[in-house]
Amino acid sequence: MASAEPLRRNLTSAKVIAINGDVRSERADTLATEEPMEIRAGGPGQEAEAVAVTMRTPGGDFELAVGFLFTEGLIAPGDVRRVAYCDNLPGEDQRYNVVSVTLERPFDRDRLHRNFYATSSCGICGKAALEDVEVRCDRVAPGPEIDVGVLMSLPDRLRAGQKVFDRTGGLHAAGLFAADGELLSVREDVGRHNAVDKVIGEQLLAGRIPLEGYVLQVSGRASFEIVQKAAVAGIPIVSAVSAPSSLAVEAGERFGMTIVGFVRDGRCNVYSHPERVSG
């Protein structure tokens with residue numbers, strides 16, 4: 001289904017002038033790599049069409065492409081035939097910044113234009129955004145129940161899996177956990193939404209959608225976009241180290257999801273459907 005991804009650099013070396021009081025010194029530093037990636041999609045007999053360009057940290061590119069297409073309502077589980085880098089582009093760097101997703105069915109160009117008009121047009125309101133997601137997914141399934149102690153341990157468990165953050169201090173992370181706290185997957189990226197798409201794309205390629213029994217833990221805040229991606233994947237609990245937005249909470253209420261914020265320092269706030277949090 002997916003061609004093997006080459007090893008790409010997610011770290012970039014740099015020289016910096018470090019200032020500490022009156023002392024200046026030159027030293028080496030390590031940065032999280034940020035590069036553009038174009039996502040293309042096409043079905044049988046179709047030329048792959050450019051869908052979007054996202055700024056991302058290399059690594060998990062195929063997962064990111066598939067996760068993005070799925071959470072934006074452009075493909076469904078079982079649609080993906082093959083994922084690969086484009087091999088007809090000049091230059092190695094350019095080649096590995098374009099990912100093509102080949103589908104089992106024709107790609108619906110009209111759906112692409114409808115969805116991106118609905119999510120990007122001027123004057124869109126929260127109600128319209130919620131209705132757009134409602135067309136694409138049902139309310140999440142009931143359960144699971146998670147102990148509050150396990151819930152509050154998830155940020156540290158997520159942080160322990162952030163290998164690139166250890167080197168750079170500059171990446172967001174998303175982790176998928178079972179209700180007992182077992183880590184299923186963690187992905188990092190300069191974009192918080194990309195990290196979520198990488199996690200969901202990985203699970204879609206493995207045939208595990210919907211993710212009814214899992215918790216999505218994110219390293220920053222819980223925006224509407226993160227909650228809507230989780231809703232499309234069927235994830236019932238979204239937990240964030242920082243605050244949720246008002247529309248994220250409204251989406252949680254509407255789709256039957258538990259939204260938890262400020263999960264740090266032994267405390268948390270449950271904003272919707274608290275019945276899933278016990279203890």
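Tutor: Begin with strands and pairing: helices (H or I, at least four residues) and strands (E, at least two) are DSSP runs, numbered from the N terminus, and two strands pair if DSSP finds at least two bridges between them. The model here is predicted, so local features need pLDDT of at least 70 and side-chain atom pairs count only at pLDDT 80 or more, while totals for chains, interfaces and linings use all residues. Residues are numbered from 1 along each chain as its sequence is written, and side-chain values use heavy atoms, with hydrogens and water left out.

Student: How many helices and strands does the protein chain have?

Tutor: The chain has nine helices and 14 strands.

Student: What does pairing look like in a particular case?

Tutor: Strands of a sheet pair through backbone hydrogen bonds, either parallel or antiparallel. Here β8 (residues 172–178) runs antiparallel to β9 (residues 183–189), and six bridges join the two. Leu176 has Ser185 as its bridge partner in β9. Four residues lie between the strands of this hairpin, and Gly181 there takes a positive phi near 95°.

Student: Which other strand pairs with β8, and over how many bridges?

Tutor: That strand is β10 (residues 214–218), antiparallel to β8 over five bridges. For Phe177, the bridge partner in β10 is Val215.

Student: Is β8 mostly covered or mostly open?

Tutor: First the term: buried means under 20% relative accessible area, exposed over 50%, and partly exposed in between (1.4 Å probe, protein chains only). Strand β8 is mostly covered, with six of its seven residues buried. Over the protein chain of 279 residues, 49% count as buried.

Student: Which strand partners β5?

Tutor: The partner is β6 (residues 98–103), antiparallel to β5 over five bridges. Ser100 in β6 is the bridge partner of Ala84.

Student: What should I look for in the backbone angles?

Tutor: Most residues other than glycine have a negative phi, and most peptide bonds are trans. Phe262 is not a glycine, yet its phi is positive, about 55°. Phe262 belongs to strand β12 (residues 258–264) and is partly exposed, with a relative accessible area of 22%. His273, also not a glycine, has a positive phi of about 45°. His273 sits in the loop between β13 (267–272) and β14 (277–278) and is buried, at a relative accessible area of 17%.

Student: Where are the cis peptide bonds you found?

Tutor: One runs from Gly143 to Pro144, with omega near -5°. Pro144 lies in the loop between α4 (126–136) and β7 (146–147). Another joins Ile209 and Pro210, with omega about 5°. Pro210 lies in the loop between α7 (192–205) and β10.

Student: What is a cavity, and how many does the search find?

Tutor: On a 1 Å grid over the protein atoms alone, a cavity is a set of points where a 1.4 Å probe fits but cannot get out; lining residues have an atom within 4 Å of a point. Grid points are joined across faces, edges and corners, and a volume is the space filled by probe spheres set on the points. The search of the whole structure finds one cavity of 30 Å³ or more. The largest cavity holds about 30 Å³ of space, and its lining includes His172, Arg192 and Ile226.

Methods
On a 1 Å grid over the protein atoms alone, a cavity is a set of points where a 1.4 Å probe fits but cannot get out, and a pocket is an open set with protein on both sides within 12 Å along at least five of seven lines; lining residues have an atom within 4 Å of a point.
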